[in-house]
Every structure is written in structure tokens, then in C-alpha cells.
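Below are some notes on this model, as numbered points. Please read them with the structure open.

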Amino acid sequence: MPTGANNKKKHTYIWVSAIILIFGIFAVYEITKRVKGGTIVENDRMSGTSKNVEVGFVVNQGEKRSVPEFSFLNQDSVMVTNKDYLGKVYVVEFFFTTCPTICPIMTKNLVELQDTFQDDEAFGVASFTINPRYDTPSVLSAYADKYGITDKDWHLMTGDQEKIYALAQEGFYIFANEDQAAPGGFEHSGMFALVDKNGYIRSRKDEFGNPLIYYRGTITEEQGENSDGETQQITILKEDIKKLLAE
């Protein structure tokens, strides 16, 4: 090959290498600048999460949705009302102790939240059984012992079934129904609702700007996603609880 061709090829390699080097330096600079400035969000590390998103109010017909009044016995046979949760950020679920499918996973996820926020007295959980005929306070107490429920502000509540179902379906718009054909005899949603210190239902928005309203409670962080490709939302729920606790 002629010398001129060799020199031209050599110069081409030099320019390509220089361009790669410049872009590499710029990329490192940008990453370093974002880390120092605290602008790296969770999306940079884990798909589907972001620590900088807003936890807005859930609105219905122009009004911020709040938790309706309720009054039920807990696992210690103590009457608990919605007013007992004022000043606390809490997660709401509807479950039953003999559930053979999703409830054990939901409880595991709530225990994970309990352990994460064990040092914060402003955090709590409200669990309402949809099978109150069986789930008496003593049954709920045994369930709490079985799963390591220790938070004094985690109340497992039982009472009139019609009132509990009305709370689920009309208060939170969370499905619950007695169905003998369903596993365990009851059908219900595996979603969690998040409530702020003033009793308002809160939620972050999805990638389309719509509020999630609920958080998926049937997939653990360890599992990541289920067979339908749905991802776990316990990580973002933790993030949003922290934000509401800081308000």
C-alpha cells in the first residue's frame, strides 16, 4: 500500500480515537456533575422508580379523596377509628387470614414496610378482614404473631361485614366480595392504598401523568415481577411513604 494511503488511514484512526475520548470525558463529567448535584434519580438505576416524583392527592369530581369514618375492633379487642390514624402515614389493605393465594404475599410486603419504618412512630398499617365471621380478634392476634406483626400502629380490624365491604368498595374503591367459587371463598384486590397524616389518599403518577391511586401488593421486591410481566411496586411505595412522613 502506498505511503500516502497509510498516512491517511493513520490520521483517520487518530481522529476516531479523539472523538471517542472526548465523548467519554463528557459522559463522565455529566455523571459526576449529576451525582454531586443530587439529581440522579432511581430511574437511572432501577426501571420504574423515581425518588423525585410528586406524591399527589387522589381526586374525585374535583374533591380530594379522604378516608371515610370507620370504627372496628382490632386484634387486641380495642376499638380503632380513622381518627386514631390522624398524624400518621399509613397503608391500607383488605385481606382475610385463611386466604390461600395473595394475602400471605401482601402480609410479607407489609411486614417489610413495618421493618423499614420501625423507628418512625408516624407510620402505621390498617388491615381490614373481609371475612369477619371467622376472623375474630383472637384469630387476628394469632395471625399477627405468625407473621411477625409487632408495630403498635398496625391494626388488624374486624367487625360488621357490610360496613367493611362498604369501606372497601365505596370508601377506597377496592374490590372485595364473598364468592364461594374463589380460592378461600372470597375474592378481593391485592392493592394497597396510601394515606397521609391528614387522612387523604395519596399516590404518585405513572409515566402518562395519571395517578397510580393504588400500589401493587402481590409482588415482592425480591421477586421483581410476576408471570404477567407486572413489576413490584413496594420500592416506590417505600419512597412515597418517606416523602409523606417528611411533610
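1. In helix α4 (161-171), the buried residues are Gln-161, Ile-164, Tyr-165, Leu-167, Ala-168 and Gly-171. Buried here means under 20% relative accessible area, exposed means over 50%, and partly exposed lies in between (1.4 Å probe, protein chains only). Helices (H or I, at least four residues) and strands (E, at least two) are DSSP runs numbered from the N terminus. The partners of these buried α4 residues are β4, β6, β7 (123-129), β9, β10 (186-188) and β12 (201-204), where contact means heavy atoms within 4.5 Å.

2. This is a predicted model, in which local features need pLDDT of at least 70 and side-chain atom pairs count only at pLDDT 80 or more, while totals for chains, interfaces and linings use all residues. Residues are numbered from 1 along each chain as its sequence is written, and side-chain values use heavy atoms, with hydrogens and water left out.

3. Both ends of α4 have a local feature to check. At the start of α4, a side-chain oxygen of Asp-160 comes to within 3.1 Å of the backbone nitrogen of Glu-162. Just after α4, Tyr-173 has a positive phi of about 60 degrees. Tyr-173 sits in the loop between α4 and β9 (176-178) and is partly exposed because its relative accessible area is 43%.

4. Gln-61 is a residue other than glycine with a positive phi, near 55 degrees. Its place is the loop between β2 (59-60) and β3 (63-64). Gln-61 counts as exposed because its relative accessibility is 79%.

5. Helix α3 (residues 137-147) has Pro-137, Leu-140, Tyr-143 and Ala-144 as buried residues. They lie on the same side of α3 because they cover an arc of only 120 degrees around the axis, the arc being that of the directions from the helix axis to the C-beta atoms. Ser-138, Asp-145 and Lys-146 are exposed, on the face turned away from the buried side of α3. The buried residues of α3 pack against β4 (71-73), β6 (89-95), α2 and β8 (154-157). Gly-148 follows α3 and has a positive phi, near 75 degrees.

6. Two packed helices are described by the angle between their axes and the distance between the axes. For α2 (residues 103-116) and α5 (residues 234-245), the angle is about 35 degrees and the axes are 11 Å apart. Axes are lines fitted to C-alpha atoms, for helices over the stretch in contact, and angles run from 0 to 180 degrees between N-to-C directions. The crossing of α2 and α5 is right-handed, that is, the near helix is turned clockwise from the far one by less than a right angle. Asn-109, Glu-112, Leu-113 and Thr-116 of α2 meet Ile-234, Leu-237, Lys-238 and Ile-241 of α5.

7. The side chains of Asp-240 and Arg-204 make a polar contact at 2.9 Å. A polar contact is a pair of N or O atoms within 3.5 Å; within protein, one must be able to donate a hydrogen and the other to accept it, and residues adjacent in sequence count only if both atoms are side-chain atoms. Leaving aside neighbours within four places in sequence, Asp-240 is in contact with Val-55, Leu-194, Arg-204 and Tyr-215.

8. For the protein chain as a whole, the secondary structure comes to 5 helices and 13 strands. Of its 247 residues, 42% are buried.
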